[in-house]
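Visitor: I've just opened this structure and I'm a bit lost. Could you walk me through how to read it?

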Amino acid sequence: MARGPAKTLLQICSSEQNSLQLRVLLLNRYLHSLVEWDCANSRKCLLSPMFDSSIRQVSTCSNSTSQQPSFKNLRCWDFNIAYWKPFSSLSGYEDGNNEINASDESRNGNNSSSEGDVGPETSDGFKNVAFMDPTELYQQIVCIEKGAKLSRANWDALNEIFRNFGRSGWASNQALAIYIGASFFPTAVKKFRSFFFRKCHDDLAKYLISLGPSDSAYKFLFPIFVEYCLEEFQDEIKRFKSMVQSADLTKPETWFPFARAMKRKVIYHCGPTNSGKTYNALQRFMEAKKGIYCSPLRLLAMEVFDKVNAHGVYCSLLTGQEKKHVPFANHVACTVEMVSTEDLYDVAIIDEIQMMADPYRGYAWARALLGVKADEIHICGDPSVLNIVRKICSETGDDLIENHYERFKPLVVEAKTLLGELKNVKSGDCVVAFSRREIFEVKMAIEKYTNHRCCVIYGALPPETRRQQANLFNDQDNEFDILVASDAVGMGLNLNIRRVVFYNLSKYNGDKIVPVPATQVKQIAGRAGRRGSRYPDGLTTTLHLEDLDYLIECLKQPFDEVKKVGLFPYFEQVELFAGQLPNMSLSQLLEKFGENCRLDGSYFLCKHDHTKKVANMLEKVQCLSLEDRFNFCFAPVNIRDPKAMYHLLRFASSYSQNLPVSIAMGVPKASAKNDTELLDLETKHQVLSMYMWLSYRFKEDTFPYVKKAEKMAEDIAELLGESLTKANWKPESRNVKNRESQKKEDGYQRPRSLIKVQEKNRRENLSKQKQEKKVPA
């Protein structure tokens with residue numbers, strides 16, 4: 001305890017800036033501390049556990065009632081609270097009066113150079129800033145008229161901290177909580193930095209510099225940054241909040257209230273290819289009074305349409321390009337994008353449900369699962385989306401029944417490959433390549449060096465032609481016993497394949513050459529063998545031995561579990577979003593929507609690069625409404641085909657002028673004689689398909705030549721089939737500018753595996769680098 005009575009003296013002083021400061025002198029036999037602090041915070045400070053004396057407010061004025069200042073309106077000007085030593089600690093200072101007095105002298109402001117400073121400084125007092133409330137700290141910073149003068153080194157250190165804070169992904173993501181968007185965040189940080197440098201107190205600067213450009217510094221700055229933004233950027237926050245709310249894609253199950261009002265039963269037919277899952281679902285579909293089948297492809301919808309009608313069940317066909325209404329039909333076979341969420345069904349089938357994870361079309365499957373109004377929903381697919389389906393059903397309140405299937409006959413990998421020779425193909429083989437050029441090269445080589453004839457299937461062919469080629473291959477009474485196909489063979493066709501032979505296991509993904517994903521390898525290889533066909537046992541192998549290990553590895557791998565499925569906004573959502581950003585093009589709107597949309601953890605926004613490219617092209621077309629542009633952007637066009645893009649632009653221009661949209665295109669009278677003519681036929685069919693698709697989304701009088709387009713499309717599909725059976729030419733690129741010169745070859749030589757070529761190049765580069773670094777003796 002202290003010796004002698006302690007006395008407390010409170011003196012009200014006024015500085016040059018008319019700011020009130022309270023000086024508390026704790027006096028007894030030994031003067032052991034002195035401090036300045038804000039009167040409004042004096043009680044809070046003195047009640048700290050560091051002090052062992054109570055506080056009384058004392059006025060030195062004769063009339064305390066009239067002259068005592070109001071403490072409520074005073075703001076804190078001190079970032080450092082001097083450390084008050086308890087009385088019990090005085091014994092250690094009995095012989096240190098000189099040091100104490102020197103400290104007291106500096107604190108009392110006897111040094112003329114610091115007379116105008118806002119508060120005291122201590123060597124380590126700046127560390128107390130870390131314990132201050134961010135809101136109060138920000139208010140204190142605001143009240144400072146002029147910040148401390150920083151040395152060049154300290155200025156550079158603070159500048160580096162703010163530069164890294166502006167680049168912090170953590171801070172940018174956290175700022176979204178107060179509706180500071182990612183695009184505005186750098187601007188907000190820049191203005192906050194200027195504010196901070198103008199107002200920063202020396203102690204605050206010291207503390208921040210002590211943290212350095214670290215996570216601790218960012219976490220310390222962020223609450224102060226929040227207070228600054230809430231005060232300075234109210235209009236921007238309000239605008240961004242409205243924009244985010246209009247781009248809200250959370251809880252998509254609530255978009256379909258009528259489906260939520262039903263107690264639906266979801267039956268998941270889960271299994272690999274050739275396991276009978278789709279067959280069992282179709283049996284229940286045909287038994288129902290009213291049903292809908294949702295297909296991933298037009299080709300498969302057409303196949304189900306024919307099969308169901310052949311069994312005596314009236315069924316209509318509905319795809320983006322064609323509508324066939326069968327009288328008295330209560331069943332519909334459609335593509336998944338065309339499924340109605342308004343009509344009521346007894347049974348609905350959603351085939352290839354794993355396509356929910358597709359980066360471009362996944363939204364269509366998610367919409368069908370969430371929104372179709374059916375008492376029973378049969379979904380067919382592999383196990384990759386089983387867990388996400390379980391989660392969705394728990395959110396929608398639907399009952400989930402799981403039916404698991406195994407392949408009828410196991411898929412066998414032939415250890416003996418074709419040894420790099422296409423001469424070793426056998427009847428019933430399907431050779432799979434991953435580019436149009438390779439497909440035609442394989443076809444030419446097989447027909448040149450063997451007695452086999454080849455059918456061809458790839459994605460750019462119209463469904464009618466692919467179907468014609470599939471029937472030609474399945475028919476055992478003709479000479480076409482080899483199928484050469486792309487990954488389009490993986491779904492949508494029932495084929496009598498004895499063995500799947502992979503020409504290679506790498507492909508171009510639009511950006512670079514990559515290995516074919518294991519899931520896709522399993523899907524394609526599983527097409528071999530078919531119950532009830534000539535080849536019930538499925539075989540698979542590769543052309544080259546070096547690719548065999550990767551094939552075996554892919555087939556051994558379990559299905560990758562899908563964590564998220566796709567979503568994409570309806571036009572009404574885009575229109576609402578556009579109201580927040582007037583005078584923006586559709587392409588810019590879609591980009592902004594992607595940046596600002598909110599999604600639940602189980603969903604991702606599907607890619608829309610195709611849509612934005614078409615939208616950019618249509619910017620030159622005037623007098624199109626936002627909805628018209630939106631519809632044109634989703635037209636089925638190959639954006640890499642200049643001719644097809646030209647016709648789409650022409651269609652949009654005619655429509656914008658309220659003119660009847662004409663086809664303005666003729667049909668060749670004979671099949672193609674070279675690859676250029678074959679490419680031209682493919683483009684013409686695509687343009688006609690696009691015309692028919694648009695005719696179902698706009699007024700009938702604006703696209704008056706639908707019937708003519710349908711007849712032309714049928715004729716071109718037939719010519720394509722004839723051309724493929726006679727094709728014996730080398731393929732060309734669709735874009736004339738990028739066509740490679742065709743080199744004459746005496747015989748066929750299949751290029752090495754692209755994966756192996758890349759590995760070889762990598763090893764050669766490493767070898768060269770080592771030789772360059774090696775110093776000669």
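This is a predicted model: local features need pLDDT of at least 70, side-chain atom pairs count only at pLDDT 80 or more; totals for chains, interfaces and linings use all residues.

Visitor: Let's begin with sheets. In what order do the strands of the open sheet of 6 strands lie?

Guide: The general idea is that strands of a sheet pair through backbone hydrogen bonds, either parallel or antiparallel. Here the order is S12-S19-S16-S13-S15-S14, and the pairing is parallel. Strand S12 (411–413) and strand S14 (453–457) are at the edges with a single partner strand each, so one side of each has no neighbour in the sheet. Going from one strand to the next, the twist averages 25°.

Visitor: Can we zoom in on one pair? Over how many bridges do S16 and S19 pair?

Guide: Strand S16 (residues 499–502) and strand S19 (residues 538–542) pair over 4 bridges, in the parallel sense. To find one of them, look for arginine 499, whose bridge partner in S19 is leucine 539. Helix H19 (residues 548–556) packs on this sheet and touches S12, S16 and S19, with its direction at about 140° to that of S19.

Visitor: And strand S10, how many of its residues are buried?

Guide: Strand S10 (residues 373–381) is mostly covered, with 8 of its 9 residues buried. It pairs in the parallel sense with strand S4 (residues 265–270) over 6 bridges, and tyrosine 268 has isoleucine 379 in S10 as its bridge partner. Strand S9 (residues 344–350) also pairs with S10 in the parallel sense, over 6 bridges; there, leucine 344 stands opposite lysine 373.

Visitor: Now helices. At what angle do H12 and H13 cross?

Guide: Two packed helices are described by the angle between their axes and the distance between the axes. For helix H12 (residues 277–287) and helix H13 (residues 298–310), the axes come within 12 Å and cross at roughly 55°. The two are therefore oblique to each other, and the crossing is right-handed. Where they meet, H12 brings Tyr279, Leu282, Phe285 and Met286, while H13 brings Val304, Lys307 and Val308.

Visitor: Last one: which residues have the most contacts inside the largest nonpolar core?

Guide: Those are Phe225, Phe632 and Leu694, in a core of 157 residues. Helix H9 (residues 215–232) gives the most to this core, namely 10 residues. Beyond its close neighbours in sequence, phenylalanine 225 is in contact with Phe165, Ala175, Phe185, Ala188, Val189 and Phe192. Another core, of 28 residues, lies apart from this one and includes Ala470, Leu495, Val516 and Ala528.

Conventions
Residues are numbered from 1 along each chain as its sequence is written. Side-chain values use heavy atoms; hydrogens and water are left out. Two strands pair if DSSP finds at least two bridges between them. Axes are lines fitted to C-alpha atoms, for helices over the stretch in contact, and angles run from 0 to 180 degrees between N-to-C directions. Contact means heavy atoms within 4.5 Å. A nonpolar core is a set of buried Ala, Val, Leu, Ile, Met, Phe, Trp, Tyr and Cys residues joined through side-chain atoms within 4.5 Å. Buried means under 20% relative accessible area, exposed over 50%, partly exposed in between (1.4 Å probe, protein chains only). Angles under 35 degrees count as roughly parallel, over 145 as roughly antiparallel, 65 to 115 as roughly perpendicular and the rest as oblique. A crossing is left-handed if the near helix is turned anticlockwise from the far one by less than a right angle, and right-handed if clockwise. Lists of a residue's contacts leave out its neighbours within four places in sequence.
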